[in-house]
Amino acid sequence: MFDAVRNNRKIVQIFLVLIALPFALWGVDSYVRGGSAGEDPASVGDSKITNQQFQQAWREQQDRMRQTLGANFKPEQMNTPEARMATLNALIDKRLLLVEANHSRLTVSDDALRDFIGRIPALQENGVFSNDRYESALRAQGMTQPQFEAQLRQDLTLQQLVGAVGDSGIVSKTSGDAILRVESEERLAGELRLPAAQYASQVSIDAAAIKKFYDENARLFQTPDQVRAEYVVLSLDALLAQAKVSDEDVKAWYEGHKDRYQSAEERRASHILLLDKDKDPAKTKAAAEALLKEVQQSPAKFADIARARSQDPGSAAKGGDLGFFGRGAMVKDFEEAAFKLKEGEISGIVKSDFGYHIIKVTAIRPGKQRSLEEVRPDIVAELKHQAASKRFAEAAEAFTNLVYEQPDSLKPAAERFGLKIETSGWMPKNAEPQQALGFGPLRDAKVQAALFSDDALKNKRNTEAVEIAPNTLLSARVVEHQAAAARPLESVKAQIEAHLKVREAAALAKKAGEARLAELQKGVAGDKANWGADKTFSRLQPLPAPPVVARAVLQAPVAKLPAYVGMTLDNGDYAIYRISKVSQPENVDEARRRAVARDYAAVVAQEDFAAYLASLRARTKVEINRKALDASER
Amino acid sequence: MATYDLEEQEQLDEIKTWWKQHGNTVVGVVLAASLAVAGWQGWNWYQRNQSAQASAILSVLQRAVEAGDTQRVKAAAGELAEKFSSTPAAGLGALIAAKAAVDTGDLKTAHAQLAWVATNGHDEVRELARLRLATLLIDEKAFDEALRTLDGPVLEGFATRFAEVRGDVLMAQGKKAEAATAWRSALTSLDATDSGAKGRSTLQEQEANAPYRELLRLKLESTGEAVPAPVAAAPAKEAAR
């Protein structure tokens, strides 16, 4: 075969160059990870938003929601394509800013970075940056120092850009004043009401109209697809209630675990501390020995000496008192010394990592064995829990098998585990969350889906055992099913008639009202109607009417007074408003003026930033891979 | 010396003649290419270095603004504009300095900063400067100049804001009807960005835009002209119950 190579040297050479070229230009890694490229949910310019980055952002978003919503947080309801898209969009926006920051060659210098880290309060000890704290904080985050610093540098760079664009908004004072004028404007208006009821007598609804409405709005007159179900719940709690514990067991447990019912010995001690911070340890030690002598000469003055000389800021003020502590709470050397002393006794010099201590034990609380009777309830609860947990593990499997193997009844399972068969009320398919709250444990989405499956509806089988909560299994079966059906015309006739009547009457009221309004606006009709009392409408005050009305009154052109505006209200009445006076309040509260200006500036700044982002997005190639996004669900 | 057979001897000769003919060209091309690469690298290095310095001054400027140190703000902004005028950081710095100047009532400096960016800045930063310069010009009652600043092509994404500020100018001139037209077009352009363009979720965008939409409507209302009905009208309740 090498003959072939030699004879076709040219061809082989060209071939080799062709093979080498891609490696030279794009490197090896584009071959190695080529396959995963399709799974990235988006790309911004040349950089990709990887699935992993998206997942992390998604998790963080969910955590935030969980914190804000607490018990109302329902992950499956939040997991909508829209929500995922929103998270992705936020990521894209951030990436756009990063790309732009890089493109603008914004950087944060090492000095600035160091300075920033040095000023993080959580990393300081006594107001000074502490390297130990920094390292332990990094460990807690599971990050290496270069990782953290790269991340921080990126954040700071972003902040530089975001701050420069977002915090530099300017609004014109002229426009601001204009806005304040509109916001504080007051309009005095009275109402003339044409009630729909007044026109009801003129309306007659014939059978054909009712039938037409019925046909056109069939959707409204349907009873839902609904089921009634019975169910059993196997839970740890149920087994707990059944569990029995004999006296012998309790006793045996107590004997076997005596140490658990022992309260440990505790001691109270005071100390005087000299910190080991002098360069010459011998010096500190000498000082400690001198102090010890002083204490030994007048043991009664221990507290006073501690107050004056101890370098432990926490305890010195309390005469060196550290309160009660058990084993494991103090530094090892200190603990050993403190637990060797008798009550009232003063130690010699004790060296620890901190420095030199002189310790005095002021009280001893000996360890104590608690009696069986004292701890019996605890033991009973503990043993019951153990027994139930153990039984639940076995029972869960048996329960799951039983409801599956005997699919025509829940009785075997109920009898075997001593459970009660409960029966539900009617449950419509796809119920609103609010309504579903009334379904009890059956509201679980998986249970609902199972109940409305063919297996449960047509074959009347038990649903599989569903874990509706930790350590809680449920199986249900349909007792009764009512398919969706149209309600007969007869049963809804009266309703439709009433509805149409109101509608027609409202239309008549509107017609009359509009005619009246036109006359008023022309100034033809002598304005003698029965106007209601004038009320003040202002955007800065509580509205004297529903928002729709207030809005209309405040928006009406008022070049000429009185001005009129009319609208149909929710209940079908037609209302005309006569605006008789437009004025500015005599004095606008200074605080109010500033608040309006501030809000205006904030809204404009926000919009500036939005426009900035939109513009970046428009001139950067942003690709969203919907398939990858949808595939990343769950 | 190694001996070559005839065929190889021939090949060697061929190569030698070829080199005699083209050697200078090859060396020249290689040299030129090397120089170009070196020059490119050097240019990049220079740019990076300039940008790093400009970026550092920008940080200083930002911190001076936070601290309210007017003198240092001015100095840093001046340094950026003089020595690093070609870097993007210079434009950003001027935006910040202008805002700081407005806050301290020094409208002349603000005007100068923004005018500089509006002429020398790039892309989005330039658009922001134009908007803000026009805003300042309204307060200076230089309405024609304000309108001229807003004239000309606008980057996509800024159309709404430009229409809004144009309305501000016209309103300040007392041209209510024209201002209303401008603000109405701002509302239309805001709706256009809302309607799910670029894969954004409509609902979310609308929520985020709500305060700005309210502001535009309020401005429109102040003209006494008709205001378009809100987009999301309450669905008519036809329920038969």
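Please keep in mind that the model is predicted.

**The sheet**

Let us begin with the strands. Chain A holds an open sheet of 3 strands, ordered S2-S1-S22 and paired antiparallel. At its edges lie strand S2 (47–49) and strand S22 (622–624), each of which pairs on one side only. From one strand to the next, the twist averages 15°. Strand S1 (residues 42–44) of chain A is joined to S22(A) by 3 bridges.

**Where chain A meets chain B**

Now for the interface. Here, 54 residues of chain A are in contact with 59 residues of chain B. The two chains bury about 4800 Å² between them, with 55% of it on carbon and sulfur atoms. In chain A, the residues that lose the most area to chain B are A:Arg105, A:Ile170 and A:Glu607, which together make up 15% of what that side buries.

Polar links also cross this interface: the rule finds 8 salt bridges and 19 residue pairs in polar contact. One of the salt bridges runs from A:Asp115 to B:Arg63, with the closest N and O atoms 3.6 Å apart.

Several helices of chain A each supply at least two residues of the side that touches chain B, among them H6 (81–103), H9 (145–166) and H24 (489–522). Helix H26(A) gives the most, with 14 residues. The table shows how the residues on this side of chain A divide.

| Residue class | Number on the side of chain A that touches chain B |
|---|---|
| Nonpolar | 23 residues |
| Polar | 16 residues |

Key: Residues are numbered from 1 along each chain as its sequence is written. Chains are lettered from A and ligands numbered from 1 in the order in which they are written. This is a predicted model: local features need pLDDT of at least 70, side-chain atom pairs count only at pLDDT 80 or more; totals for chains, interfaces and linings use all residues. Side-chain values use heavy atoms; hydrogens and water are left out. Two strands pair if DSSP finds at least two bridges between them. Helices (H or I, at least four residues) and strands (E, at least two) are DSSP runs, numbered from the N terminus. Axes are lines fitted to C-alpha atoms, for helices over the stretch in contact, and angles run from 0 to 180 degrees between N-to-C directions. Contact means heavy atoms within 4.5 Å. Buried area is the accessible area (1.4 Å probe) that two parts lose on being put together, summed over both. A salt bridge is a side-chain nitrogen of Lys or Arg within 4 Å of a carboxyl oxygen of Asp or Glu. A polar contact is a pair of N or O atoms within 3.5 Å; within protein, one must be able to donate a hydrogen and the other to accept it, and residues adjacent in sequence count only if both atoms are side-chain atoms. Ala, Val, Leu, Ile, Met, Phe, Trp, Tyr, Cys and Pro count as nonpolar, Asp, Glu, Lys and Arg as charged, and the others, Gly among them, as polar.
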